[in-house]
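Subject: Structure handover

Hello,

Please find the structure below, followed by notes on what was found in it.

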Amino acid sequence: MSAKIIDGKAFAATVRTQVAEHVSRLKQDHGITPGLAVVLVGEDPASQVYVRSKGKQTTEVGMKSVEHKLEVDTSEPDLLAVIDQLNNDPDIHGILVQLPLPKHLDEDLVINSIDPAKDVDGFHISNVGLLGTGQKSMVPCTPLGCLMMLRDYHGSLSGMDAVVIGRSNIVGKPMAQLLLGDSCTVTIAHSRTKDLADVVRRADIVVAAVGRPEMVPGDWIKPGATVIDVGINRLDAPERGEGKTRLVGDVDYDSCAAVAGAITPVPGGVGPMTIACLLANTVTACCRANGLAEPEGLTA
Ligand SMILES: Nc1nc2c(c(=O)[nH]1)N[C@@H](CN(C=O)c1ccc(C(=O)N[C@@H](CCC(=O)O)C(=O)O)cc1)CN2
């Protein structure tokens, strides 16, 4: 079997088009422009790339983009003051603090200082609780993007066996909640899971989010299963020239693609959906803040 490639880059472009259409209606019918503020502390090169991309895509869909770039040694009170100002800015509907933060800052404290209604990352403890209890919440962007691709490919996910490898707050746990919400039978596996290969082999849907390059080989995959690869690991690639690197996921792509029914590539799979879903969440937050109908198909 050779798997169908689930093209996250193309899917993300359709999500952005839907977002742009909704933004245009909000402007025309209500005179409202959704606004997204991104806060970056320090100069982590990957974070700088992601933040630049978020700002560019926010503007491209017609929304207002605000960036706060803070020094690496910014104190916690100074960072909290920026968030407080954004919480109280009526033109800002979404706030995102780019992760990871420098070590001296308490990530939980910072995230929980964001107004939950503006928490477009869905990381605030209130949103985590709402998602866990099946209530309307802001949903973390990467798992939301995975869910959208799975629904698009399968239609209903009801009754399917899903294994999520990885238990992070950002991806693994919310992914499991979303799959449960769509009536999958869900297993969360992690580094201490016994007989991981056998656990994964039972799955109709495998979501790999462990951050370990090419950890999942093809012989762990049930023939015909759908494989969603969340990993973004940069490896040295001297064969491409001095100092060159290449991106790989958490699954061994070639051997998994030979067995799976469908698979997301890295790059071009889950990654682009993360930013598209951030834009979708910002429109959703804007609609909720103004008591307006939410865009269909862009929320969980
Ligand atoms: N506050 C947040 N911080 C972080 C998040 C997040 O959702 N919220 N996720 C990641 C980084 N991230 C967005 O912030 C992100 C990662 C990857 C991509 C992406 O499009 N990747 C491309 C490859 C890009 C490359 O060449 O490096 C792909 O997979 O095709 C987008 C967003 C951690 N921090």
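R167 is in contact with G172, K173, I188 and H190, leaving aside its neighbours within four places in sequence; two residues are in contact if their C-beta atoms, placed from the backbone, lie within 7 Å. R167 sits in the loop between β5 and α7. Helices (H or I, at least four residues) and strands (E, at least two) are DSSP runs, numbered from the N terminus. R167 is partly exposed, because 18 other C-beta atoms lie within 10 Å. The cut-offs are these: a residue is buried if 20 or more other C-beta atoms lie within 10 Å of its own, exposed if 12 or fewer, and partly exposed in between, with C-beta atoms placed from the backbone.

Before going on, note that this is a predicted model: local features need pLDDT of at least 70, side-chain atom pairs count only at pLDDT 80 or more, and totals for chains, interfaces and linings use all residues. Residues are numbered from 1 along each chain as its sequence is written.

UniProt records

In an unreviewed entry, UniProt lists G166, R167, S168 and I232 under "binding site". UniProt positions are given in the numbering used here, feature names are shortened, and annotations may be inferred rather than shown by experiment. I232 is in the loop between β8 and β9 (233-236). With 18 other C-beta atoms within 10 Å, I232 is partly exposed. Not counting residues up to four places away in sequence, I232 touches L247, V266 and G271.

UniProt also places the feature "domain: Tetrahydrofolate dehydrogenase/cyclohydrolase NAD(P)-binding" (unreviewed entry) at residues 140-288. That span is 36% helix and 19% strand, and its end C-alpha atoms lie 17 Å apart.

The chain as a whole

The protein chain has 10 helices and 11 strands. Its radius of gyration is 19 Å, close to the 19 Å that the globule rule gives for 300 residues, so the chain is as compact as a globular protein of that length. The radius of gyration is taken over C-alpha atoms, and the globule rule is 2.2 Å times the number of residues to the power 0.38. Taken along the principal axes, the C-alpha atoms fill a box of roughly 50 × 45 × 35 Å. Of the 300 residues, 44% count as buried. Among contacts between residues at least 6 apart in sequence, 67% join residues at least 24 apart.

Strands and sheets

Strands of a sheet pair through backbone hydrogen bonds, either parallel or antiparallel. Here two strands pair if DSSP finds at least two bridges between them.

Strand β5 (residues 161-165) pairs with β6 in the parallel sense over five bridges, and D161 stands opposite T185 in β6. From β5 the chain crosses through α7 to β6, and this β-α-β crossover is right-handed. Right-handed means that, with the strands pointing away from the viewer, the path from the first strand over the helix to the second runs clockwise.

Three strands form an open sheet in the order β3-β2-β4, with parallel pairing. β3 (64-70) and β4 (94-97) stand at the edges with a single partner strand each, so one side of each is left without a neighbour in the sheet. From one strand to the next, the twist averages 15 degrees. Axes are lines fitted to C-alpha atoms, for helices over the stretch in contact, and angles run from 0 to 180 degrees between N-to-C directions. Four bridges join β2 (residues 35-41) to β4, and L36 stands opposite G94 in β4. Helix α2 (residues 45-60) lies across β2 and β3, running at about 170 degrees to β2.

Backbone exceptions

Most residues other than glycine have a negative phi, and most peptide bonds are trans. Which residues have a positive phi without being glycine? S183, near 65 degrees, is one; E214, at about 50 degrees, is another. S183 lies in the loop between α7 (172-181) and β6 (185-189) and counts as exposed, with 12 C-beta neighbours inside 10 Å. E214 is in the loop between β7 (205-208) and β8 (226-229) and counts as buried, with 20 C-beta neighbours inside 10 Å.

The peptide bond from L99 to P100 is cis, with omega near 0 degrees, and P100 is in the loop between β4 and α4 (107-111). A cis peptide bond also joins V266 and P267, with omega about 0 degrees. P267 is in the loop between β11 (262-263) and α10 (270-289).

Regards
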